[in-house]
Amino acid sequence: MAKKNEKLTPVHKPYIKGSVLDNTSPFAIGKLFVTCVVQVVLYLALSMLVLSDNLVLRYVMSIITLLMTYGMYFNSGMQAGTQAVTWAENMYARQERGSVVSAGEATRGYHPLKGFVHALLGMLPVIVVTLLLAFTAQKQSTGIGALPSWVSGYNGTDAARGLAFYAAPAVMKLEDILRVIVRVCIMPVVALVGTGDAAAVLTMERLSPLVVLVPAVMYGIGYTRGVDIRGMVHADIEQGNRKRARQQKKKQKQRRNADTPEQLN
């Protein structure tokens with residue numbers, strides 16, 4: 001009867017616990033900021049589909065884009081967490097051998113909050129912009145609209161002074177600039193909410209800081225997975241060692257049987 005595959009259980013090795021920030025943090029934070037820029041570029045590249053007039057296509061593409069974004073941050077966090085645990089294990093082993101581990105080397109190890117802190121600092125510019133919009137956003141009303149062409153016949157008359165308000169060019173305010181930046185950063189959510197309901201749009205803008213925090217949280221959660229991923233690597237190695245030991249033992253037994261002379265009847 002075939003032997004069932006062994007169920008792997010994570011094997012955790014001791015490691016030196018690092019700190020929330022270390023000498024590699026500036027590079028990690030800068031990398032996360034670049035990831036945020038890549039996210040915006042991705043949104044712009046998919047804008048024709050995400051903002052499609054086809055309601056079904058718009059919803060489907062918006063959800064797929066959000067899942068891609070969260071997956072990108074989660075996987076990036078897992079890689080960083082696994083590397084941090086690997087480094088911390090190596091520093092612990094080096095310390096056990098009697099070698100000196102400097103404070104800078106020790107702080108580079110895994111810390112459960114490091115991923116969250118790095119992600120928050122990396123996305124800080126976007127978070128600040130969304131906070132500014134959240135506190136300044138007001139419910140948008142329908143614009144005045146263009147005047148009919150026949151109104152131009154009143155130019156130079158007393159009536160023109162009353163119509164000057166309608167002809168005044170729109171002034172771009174700080175709120176408008178912030179709104180453009182935020183809507184690009186959360187484009188899939190904008191597509192899901194739509195722009196037809198002014199109250200829903202205002203709620204979305206005021207909750208935009210929470211929306212942009214989701215990728216940072218996903219990165220932090222992915223980072224904490226580094227311990228279990230590293231534990232599965234050790235478990236896989238130990239399973240391989242046991243398998244090789246069984247095979248070696250089987251071969252030795254076969255050689256002993258082959259070397260034993262057959263008894264004569």
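The stops below go from the overall fold to helices and then to individual side chains.

This is a predicted model, in which local features need pLDDT of at least 70 and side-chain atom pairs count only at pLDDT 80 or more, while totals for chains, interfaces and linings use all residues. Residues are numbered from 1 along each chain as its sequence is written, and side-chain values use heavy atoms, with hydrogens and water left out.

**The whole chain**

Colour the chain by secondary structure: there are 12 helices and 0 strands, where helices (H or I, at least four residues) and strands (E, at least two) are DSSP runs numbered from the N terminus. Of the 265 residues, 31% count as buried, buried meaning under 20% relative accessible area, exposed over 50% and partly exposed in between, with a 1.4 Å probe and protein chains only. Among contacts (heavy atoms within 4.5 Å) between residues at least 6 apart in sequence, 83% join residues at least 24 apart.

**Helix α10**

Select residues 198-206, which form α10, and show the side chains of Val201, Leu202, Met204 and Glu205, which are buried. Viewed down the axis of α10, these buried residues fall within an arc of 160°, so they line one face of the helix; the arc is that of the directions from the helix axis to the C-beta atoms.

Two packed helices are described by the angle between their axes and the distance between the axes. Select α5 (residues 114-122) together with α11: they pack at an angle of about 150°, with their axes 7 Å apart, the axes being lines fitted to C-alpha atoms, for helices over the stretch in contact, and the angles running from 0 to 180 degrees between N-to-C directions. The two helices are therefore roughly antiparallel to each other, a term for angles over 145 degrees. Residues of α5 that meet α11 include Phe116, Ala119 and Leu120, and their counterparts in α11 include Leu213, Val217 and Ile221.

**Met218, on α11**

Stay on α11 and select Met218, which counts as partly exposed at 24% relative accessibility. Which residues does Met218 touch, not counting those up to four places away in sequence? They are Tyr70, Tyr73 and Phe74, and the C-alpha atoms of Met218 and Tyr73 are separated by 6.0 Å although the two residues are 145 residues apart along the chain.

**Glu89 and Arg230**

Next select Glu89 in helix α3 (residues 55-96), which is buried, with a relative accessible area of 9%. Beyond its neighbours within four places in sequence, Glu89 is in contact with Lys13, Pro14, Tyr15, Arg230 and His234. Arg230 itself lies in helix α12 (residues 226-259) and counts as buried at 17% relative accessibility. With its neighbours within four places likewise left aside, Arg230 is in contact with Val85, Thr86 and Glu89.

**Arg108, in a loop**

Finish at Arg108, in the loop between α4 (103-107) and α5, where this residue is partly exposed, with a relative accessible area of 32%. Leaving aside neighbours within four places in sequence, its contacts include Asp22, Trp87 and Lys114, and the C-alpha atoms of Arg108 and Leu21, 87 residues apart along the chain, are separated by 7.9 Å.

Conventions: Angles under 35 degrees count as roughly parallel, over 145 as roughly antiparallel, 65 to 115 as roughly perpendicular and the rest as oblique.
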